[in-house]
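Thank you all for coming, and please have the sequence and the picture open while I talk.

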Amino acid sequence: MVVASAPGKVILLGEHAVVYGEPAIATAIDLRTRVRATRRAAGSGTIVNGYPLTPAYHTHLVHALDVAAEAIGAPLADVAFETESRIPSAAGLGSSAALTTATLAAVLALAGATKDEEHLARLAYEVEWRAQGGRGSPTDTSTVAHGRAVLVDRDARERLLWTVKRGERTWHLHHLDAPAVSIVIGNTQERGRTTDQVAKVAKLVAKSGFAKEIVKDVGKSTRDGIDALRAGDWPRLGRAMDRAHNSLTTLGVSTPRLDQFCETARKAGALGAKLTGSGGGGSMIALAKDPERVAAALAKHRAQTFVVALGAEGARVEEGP
Ligand code: PMV
């Protein structure tokens with residue numbers, strides 16, 4: 001038996017634009033997914049929380065098993081998975097990346113083939129790539145595998161962790177010290193589908209020069225946010241978040257509720273607020289000196305709120321083999 005866990009994540013700045021080579025900053029959060037994997041008798045099949053493994057319901061798990069089997073060069077069958085998660089699903093908080101990465105860590109350990117963090121991040125990205133129909137950046141999976149915080153950039157800089165190439169794109173993943181702040185998450189509880197939002201932006205970018213400019217604007221806000229982080233200048237980081245939210249709204253990935261939550265957070269004293277992740281529902285984040293006050297204001301609008309510390313530990317095997 002093996003238990004592995006992985007954290008959720010928030011994208012502080014740069015979602016969507018990172019798919020087109022602009023930078024992004026993401027950090028792991030202290031909400032985790034745990035996966036317990038136990039071997040079953042040969043021929044008895046694989047079950048998930050007591051139910052047979054079904055591709056339509058367990059897309060990421062099915063791909064994770066395929067990718068792990070390819071990595072170890074042997075099929076992986078007859079496993080009982082039990083999963084539990086504090087990360088709400090389809091909320092832009094990395095629940096699928098956490099499930100993928102924790103599952104990979106668990107089955108690899110079960111097969112006696114534990115991989116290092118970089119290898120785990122690469123395999124997890126392969127799973128996400130297949131599950132998302134061949135789109136998307138390695139931001140979520142690398143953040144969840146590495147933990148702490150990650151800077152994604154098209155250029156290699158100091159503290160490079162690893163480099164990922166897909167088609168014409170190259171992403172350099174760097175370690176970043178997580179900012180020592182708590183942030184407020186407001187989950188609209190409207191389910192956003194990453195695949196749909198990424199496809200929607202891809203369509204827009206393919207046909208509109210204006211959309212390409214907006215993607216670059218998101219990149220500018222991210223670069224400004226990186227400088228603000230380095231200087232510990234929280235008001236400037238907040239302003240970069242506000243600008244990024246406006247650009248993402250123009251790209252069509254915000255929703256009225258996300259906009260309303262961001263406005264509520266700002267009125268309650270947040271230094272900045274923006275949607276996080278792919279949007280179309282899901283969550284927003286706010287940077288605030290008094291996070292509890294902002295969380296209370298959001299809760300009045302029926303948000304599911306979390307005040308989370310940034311920079312949680314990455315994927316790890318907790319028990320076994
Ligand atoms: O919605 P999430 O948490 O899966 O975030 C997706 C981030 C995007 O930039 C929209 C896509 C990507 O693959 O980077």
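Predicted model: local features only at pLDDT ≥ 70, side-chain atom pairs only at ≥ 80, totals over all residues.

**A walk through the model**

Let me start at Asn49, whose place is in the loop between β3 (47-48) and β4 (51-52), where helices (H or I, at least four residues) and strands (E, at least two) are DSSP runs numbered from the N terminus. Residues are numbered from 1 along each chain as its sequence is written, and side-chain values use heavy atoms, with hydrogens and water left out.

Back to Asn49, then: its phi is near 45 degrees, a positive value in a residue other than glycine. Most residues other than glycine have a negative phi. Asn49 counts as partly exposed because its relative accessibility is 39%; here buried means under 20% relative accessible area, exposed over 50%, and partly exposed in between, with a 1.4 Å probe and protein chains only. Gln189, in the loop between β9 and α5 (194-207), also has a positive phi, near 65 degrees.

Now the chain as a whole, which has nine helices and 13 strands. Its radius of gyration, taken over C-alpha atoms, is 19 Å, close to the 20 Å that the globule rule (2.2 Å times the number of residues to the power 0.38) gives for 321 residues, so the chain is as compact as a globular protein of that length. Of those 321 residues, 56% count as buried. If we take contacts, meaning heavy atoms within 4.5 Å, with a separation of 6 or more, then 73% of them are between residues 24 or more positions apart.

Which residues of helix α9 (residues 291-299) are buried? They are Pro291, Val294, Ala295, Ala297 and Leu298. Seen down the axis of α9, these buried residues fall within an arc of 160 degrees (the arc of the directions from the helix axis to the C-beta atoms), so they line one face of the helix. What covers them includes β9 (182-187), α8 (256-267), β11 (283-287) and β12 (304-309).

Let us turn to the ligand, which has 15 residues around it, with Lys9, His16, Ser137, Asp140 and Ser278 coming nearest; a residue is near if one of its heavy atoms lies within 4 Å. A polar side-chain atom of Lys9 lies 2.5 Å from an oxygen atom of the ligand, and an N or O atom in the side chain of Thr194 is 3.1 Å from a ligand oxygen. Taken alone the ligand exposes 380 Å², and the protein buries 96% of that, with areas from the Shrake-Rupley method with a 1.4 Å probe and, for residues, only the protein chains shown counting as cover.

Thr27 counts as buried because its relative accessibility is 0%, and its side chain reaches the backbone nitrogen of Gly311 at 3.4 Å.

I will finish with Thr163 in strand β7 (residues 160-166), whose side chain makes a polar contact with the side chain of His172 at 2.9 Å. A polar contact is a pair of N or O atoms within 3.5 Å; within protein, one must be able to donate a hydrogen and the other to accept it, and residues adjacent in sequence count only if both atoms are side-chain atoms.
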